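Got the viewer open and the selection tool ready? Let's go from stop to stop, picking something at each one and looking at what surrounds it.

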Amino acid sequence: WKIAIEDPKGKGDYPAVVYLKDAAIATSGGYEVYFDAQRAHHHVVNPRSAFSPTQSVSVSAKARTVMEADALSTAVFVMPPKDGIRFVNGLNQSECLIVGGSGAKVSSRNWSRKA
């Protein structure tokens with residue numbers, strides 16, 4: 001499968017295009033569903049602060065199953081990016097790409113365009 005990761009800014013500039021085989025990918029982001037006019041509160045909530053995280057705009061995670069990828073993308077989204085990368089680097093058969101508010105991309109050491 002060839003998968004384009006959605007551009008959080010909606011301009012068609014995909015942060016990555018990946019190829020999957022025997023793997024799954026999920027993306028968590030705070031750029032589509034908001035609960036206030038200022039767009040400060042979205043559908044992902046940090047369980048420690050009860051606020052929407054703002055350090056990352058998008059986190060895509062690859063794992064063996066869809067459930068693992070979805071859980072991983074959400075968990076990393078609520079973490080500071082450096083902590084999220086460290087966490088994913090400690091896992092087997094998982095990878096992630098984090099897009100920050102400035103558009104900067106940070107990835108786990110195993111992130112590749114092919115899975």
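Select Asn46 first, then show its neighbours: leaving out residues up to four places away in sequence, Asn46 touches Phe51, Pro53 and Val78. A contact here means heavy atoms within 4.5 Å. Asn46 sits in the loop between β3 (24-29) and β4 (56-63). Strands (E, at least two residues) and helices (H or I, at least four) are DSSP runs, numbered from the N terminus. Is Asn46 buried or exposed? It is buried, with a relative accessible area of 16%, where buried means under 20%, exposed over 50% and partly exposed in between (1.4 Å probe, protein chains only).

A quick word on what you are looking at: this is a predicted model, in which local features need pLDDT of at least 70, side-chain atom pairs count only at pLDDT 80 or more, and totals for chains, interfaces and linings use all residues. Residues are numbered from 1 along each chain as its sequence is written, and side-chain values use heavy atoms, with hydrogens and water left out.

Stay in that loop and pick Gln55, which also lies between β3 and β4. Gln55 counts as partly exposed, at 47% relative accessibility. Its contacts, again skipping residues up to four places away, are Met79, Pro80, Pro81, Gly100 and Gly101. Try the distance tool too: from Gln55 to Val33 is 17 Å, C-alpha to C-alpha, for a pair 22 residues apart in sequence.

Now select β3, β4, β5 (95-100) and β6 (105-107) together. They make an open sheet of four strands in the order β3-β4-β5-β6, with antiparallel pairing; two strands pair if DSSP finds at least two bridges between them. β3 and β6 stand at the edges with a single partner strand each, so one side of each has no neighbour in the sheet. From one strand to the next, the twist averages 15°.

Zoom in on β4 and β5, which are joined by six bridges. Look for Val59, which stands opposite Ile98 in β5.

Next, keep β5 by itself. How many of its six residues are buried? Six of the six are, so to speak, under cover. Glu95, Leu97 and Val99 point one way, while Cys96, Ile98 and Gly100 point the other. Follow β5 onward and you reach β6, joined to it by three bridges; Leu97, for one, has Ser107 as its bridge partner. The two strands form a hairpin with four residues between them, and in the turn Gly103 has a positive phi of about 95°.

**The helices**

Select α1, residues 66-77. This helix has 12 residues and reaches 16 Å from its first C-alpha to its last, close to the 16 Å expected, the expected span being 1.5 Å times one less than the number of residues. Colour its buried residues: Ala69, Leu72, Ser73, Val76 and Phe77. They cover an arc of only 125° around the axis, which puts them on the same side of α1; the arc is that of the directions from the helix axis to the C-beta atoms. These residues pack against β3, β4, α2 (81-89) and β5.

Move to α2 and colour Gly84, Ile85, Val88 and Asn89, its buried residues. Their arc is only 130°, so they too share one side of their helix. Among the things covering them are α1, β5 and β6. Turn to the other side of α2 and you find Lys82 and Arg86 exposed.

**The salt bridges**

Last stop: charged pairs. Side chains of opposite charge can pair when their charged atoms come close. A salt bridge is a side-chain nitrogen of Lys or Arg within 4 Å of a carboxyl oxygen of Asp or Glu, and the whole structure has three.

- Lys62 and Glu95 meet at 3.3 Å, N to O. Lys62 lies in β4 and Glu95 in β5, so the pair ties together parts 33 residues apart in sequence.
- Arg64 and Glu68 have their closest N and O atoms 3.1 Å apart. Glu68 is partly exposed, at 32% relative accessibility.
- Arg86 and Asp83 also come to 3.1 Å. They are three residues apart in α2, about one helical turn. Arg86 is exposed at 55%, while Asp83 is partly exposed at 33%.

Technical notes:
Axes are lines fitted to C-alpha atoms, for helices over the stretch in contact, and angles run from 0 to 180 degrees between N-to-C directions.
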